[in-house]
Amino acid sequence: MHLPSSLLITAPLLATVSAEPIRLPQRDVSVVATSQQLAVRALPDSPSGGYAPAVVDCPKTKPTLRKAVELSNEEKNWLSIRRKNTIEPMRDLLKRANVTEFDSETFMNEAAKNISQLPNVAIAISGGGYRALMNGAGFVAAADNRIKNSTGAGGIGGLLQSSTYLAGLSGGGWLVGSLFSNNFSSIETLLNENKVWDFENSIFQGPKEAGLSTVNRIQYWSEVAKEVAKKNDAGFETSITDYWGRALSYQLIGADMGGPAYTFSSIAQTDNFQKAETPFPILVADGRAPGDIVISLNATNFEFNPFEMGSWDPTVYGFAPTKYLGANFSNGVIPSSGKCVQGLDQAGFVMGTSSTLFNQFLLANITSYDGVPNVVVEAVRSILERIGANKDDVSQIIPNPFLNWNNRTNPNANSLELDLVDGGEDLQNIPLNPLIQPVRAVDVIFAVDSSADVTNWPNGTALRATYERTFGSISNGTLFPSIPDDWTFVNLGLNNRPSFFGCDAKNFTFNANLKNQRVPPLIVYVPNAPYTALSNVSTFDPSYTMSQRNDIIGNGWDSATQGNGTLDSEWPTCVACAVISRSLDRLGRQTPAACKTCFDRYCWNGTVSSKDTGAYLPGFKIADAHAQDSGAIATGKMVNVWLSVVVGVVAAAFLL
């Protein structure tokens with residue numbers, strides 16, 4: 001069961017039960033952003049005015065790389081504001097949780113005077129294509145106190161506002177990138193905005209305005225191709241990831257043509273981010289060393305944030321300024337006669353870089369569909385073989401910002417290009433690595449897992465991969481809670497309900513030779529499960545009706561709230577206990593009785609059950625659930641979709 005199923009198409013479960021599913025609460029018009037508010041987004045600050053990067057004059061003090069010994073000054077300064085901003089929403093969250101034998105008001109008053117005492121919360125959204133985006137959106141919506149009823153019975157509203165970090169990977173990266181590219185609008189606002197999150201037409205068919213005919217589809221791909229060509233004409237290498245990221249942007253960024261001039265670093269210039277009114281966004285990708293094809297746990301993990309791009313791993317152990325990716329850095333500096341480059345961090349390109357699995361899927365499966373003409377299959381194979389031969393089957397950062405950097409351990413130190421691939425290819429399909437770094441001092445991570453490990457449901461493989469990685473030198477001594485094998489997850493139901501890992505802060509062994517070690521965060525594992533909808537759709541099902549989309553998001557809401565408390569009325573209390581656990585331990589205080597009850601219920605107690613018990617076919621968790629066609633994958637539909645892919649890719653290639 002450890003074999004990745006990301007390239008397999010598995011028909012989801014079918015069921016027929018009655019009644020309507022629990023959906024997102026009715027919207028409160030007082031919190032839904034207006035069109036004018038929606039217009040204030042990440043900034044289109046690419047100096048070229050389009051998708052292409054451009055050479056610019058460097059600032060008076062030229063940008064440089066830095067070693068990963070601590071947080072950047074920019075992040076430190078931002079945190080000094082954000083941590084204080086989490087106090088009041090956390091106060092409200094803990095008060096509503098009503099943890100017996102715990103004085104939340106006194107606790108928060110003390111924390112306000114000593115921020116190191118304040119719980120440091122992070123949310124991590126896994127990969128898994130649109131399934132991950134939609135399931136993750138349900139969790140984020142439930143955690144957002146801007147949405148009416150999120151603070152009602154069973155609600156965890158305010159957890160988002162209490163969080164310091166929000167990380168995404170692959171499909172989860174689409175969610176995080178889309179939120180921040182759209183002014184950190186609420187999920188409800190994005191669902192009601194007619195420019196984003198309309199998945200009825202796949203990205204291969206193009207927006208509805210482009211129509212469904214082959215002619216209009218080619219016109220759509222022509223628009224994509226022209227923007228990518230501008231990057232090539234400007235002297236920058238392009239790959240299929242450029243097309244992938246450009247097409248994604250039409251669905252995820254609410255601006256004309258998907259905002260070709262919008263950059264990831266421009267998030268740092270937005271008003272709400274500068275005021276630290278949002279969490280800190282992080283997207284994750286894996287490095288591919290020269291000559292490597294298979295990505296292992298020893299692969300270097302890279303992160304993109306609004307300030308920097310780089311890695312905490314000892315291989316690279318450095319960061320470059322995100323805004324100036326594309327400049328000719330060598331040994332961490334730009335030559336005295338060198339120029340700067342801006343715009344390489346285009347928002348869609350960064351989201352596409354974190355999700356390059358699309359390339360692999362196309363290569364592995366394009367010949368599997370009946371009805372696709374051989375001439376088209378051969379054309380796609382020829383294109384992909386050509387770009388693969390040029391190493392364009394991955395996302396390339398050229399020139400390599402880490403050229404001649406950390407030469408002893410950096411596998412790309414002598415390479416002119418930095419090759420990056422989907423952040424989940426090393427099986428770490430939840431973006432945990434940036435959040436478990438000791439310098440970030442995170443206390444608890446809510447890990448939302450939409451992986452497709454077994455019949456398109458998760459089985460803990462992603463958690464296990466991060467745990468196993470800590471045993472190698474690549475982890476740099478970073479600790480992580482013990483995680484059982486995949487069959488234990490299934491047999492004990494750990495993948496069918498929230499589960500806590502690392503509850504006992506005293507149960508960790510430290511290496512006396514490593515000064516930077518600290519107790520790792522408590523992990524609140526929130527796996528995708530069938531609460532009210534069959535949300536185990538294929539990673540590569542590229543289109544969904546509005547009803548399917550809303551059902552899966554609603555299912556994510558039920559996962560986050562345990563069906564608004566219908567499955568466990570004490571769930572908000574247990575969420576609060578997870579939030580305060582590490583802080584209480586640092587203060588040497590007793591665990592409240594209510595929290596002990598929660599930990600008995602949700603913490604993995606070390607029991608192992610590794611027997612292969614056969615097919616995993618979970619039933620609905622909420623009795624009045626119903627099964628629509630949210631999990632249906634019709635063969636004819638997939639053939640038509642992939643014919644759209646073929647036409648688009650071929651058209652784009654010839655248009656270049």
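First, a rule for burial: I call a residue buried under 20% relative accessible area, exposed over 50%, and partly exposed in between (1.4 Å probe, protein chains only). I am working on a predicted model, where local features need pLDDT of at least 70, side-chain atom pairs count only at pLDDT 80 or more, and totals for chains, interfaces and linings use all residues. Residues are numbered from 1 along each chain as its sequence is written, and side-chain values use heavy atoms, with hydrogens and water left out.

**Entry 1: a buried charged pair**

I looked up Arg 440 and found it buried, with a relative accessible area of 3%. Which residue does Arg 440 form a salt bridge with? The partner is Glu 303, with the closest N and O atoms 2.9 Å apart. My salt-bridge rule is a side-chain nitrogen of Lys or Arg within 4 Å of a carboxyl oxygen of Asp or Glu. This pair links distant parts of the chain, 137 residues apart: Arg 440 sits in the loop between β11 and β12 (444-449), Glu 303 in strand β6 (residues 301-304). For the elements I use DSSP runs, numbered from the N terminus: helices are H or I with at least four residues, strands are E with at least two. Glu 303 also counts as buried, at 2% relative accessibility. I then noted a salt-bridge network that links Glu 75, Glu 303 and Arg 440.

**Entry 2: charged pairs within helices**

By the salt-bridge rule I get a count of 21. Asp 92 pairs with Arg 96, their closest N and O atoms being 3.0 Å apart. Both lie in helix α3 (residues 87-97), 4 residues apart, about one turn of the helix. Asp 92 is partly exposed at 35% relative accessibility, and Arg 96 is partly exposed at 27%. Arg 464 forms a salt bridge with Glu 468, at 2.9 Å between the closest N and O atoms. Those two are 4 residues apart in helix α14 (residues 461-469), so about one helical turn separates them. Glu 468 counts as partly exposed, at 33%.

**Entry 3: strand β11**

Is strand β11 (residues 418-422) buried or exposed? I find 5 of its 5 residues buried, so the strand is largely enclosed by the rest of the structure. I pair two strands if DSSP finds at least two bridges between them. Strand β5 (residues 280-287) runs antiparallel to β11, joined by 3 bridges, and Ala 285 stands opposite Asp 422. Strand β10 (residues 395-397) is also antiparallel to β11, with 3 bridges; there Gln 396 stands opposite Asp 419.

**Entry 4: nonpolar cores**

By core I mean a set of buried Ala, Val, Leu, Ile, Met, Phe, Trp, Tyr and Cys residues joined through side-chain atoms within 4.5 Å. The largest has 149 residues, and Phe 139, Trp 197, Phe 446, Leu 463 and Phe 500 touch the most other members. Helix α17 (residues 571-587) gives this core its largest share, 9 residues. Apart from this core I see another, of 5 residues, including Trp 457 and Tyr 616. I took contact as heavy atoms within 4.5 Å. Leaving out residues up to four places away in sequence, Phe 446 touches, among others, Phe 139, Leu 159, Val 575 and Val 579.

**Entry 5: α17 against α18**

The axes of α17 and helix α18 (residues 593-602) come within 9 Å and cross at roughly 100°. That makes α17 roughly perpendicular to α18. Residues meeting there include Trp 571 and Cys 577 in α17, and Cys 598 and Phe 599 in α18. Axes are lines fitted to C-alpha atoms, for helices over the stretch in contact, with angles from 0 to 180 degrees between N-to-C directions. Under 35 degrees I write roughly parallel, over 145 roughly antiparallel, 65 to 115 roughly perpendicular, and oblique for the rest.
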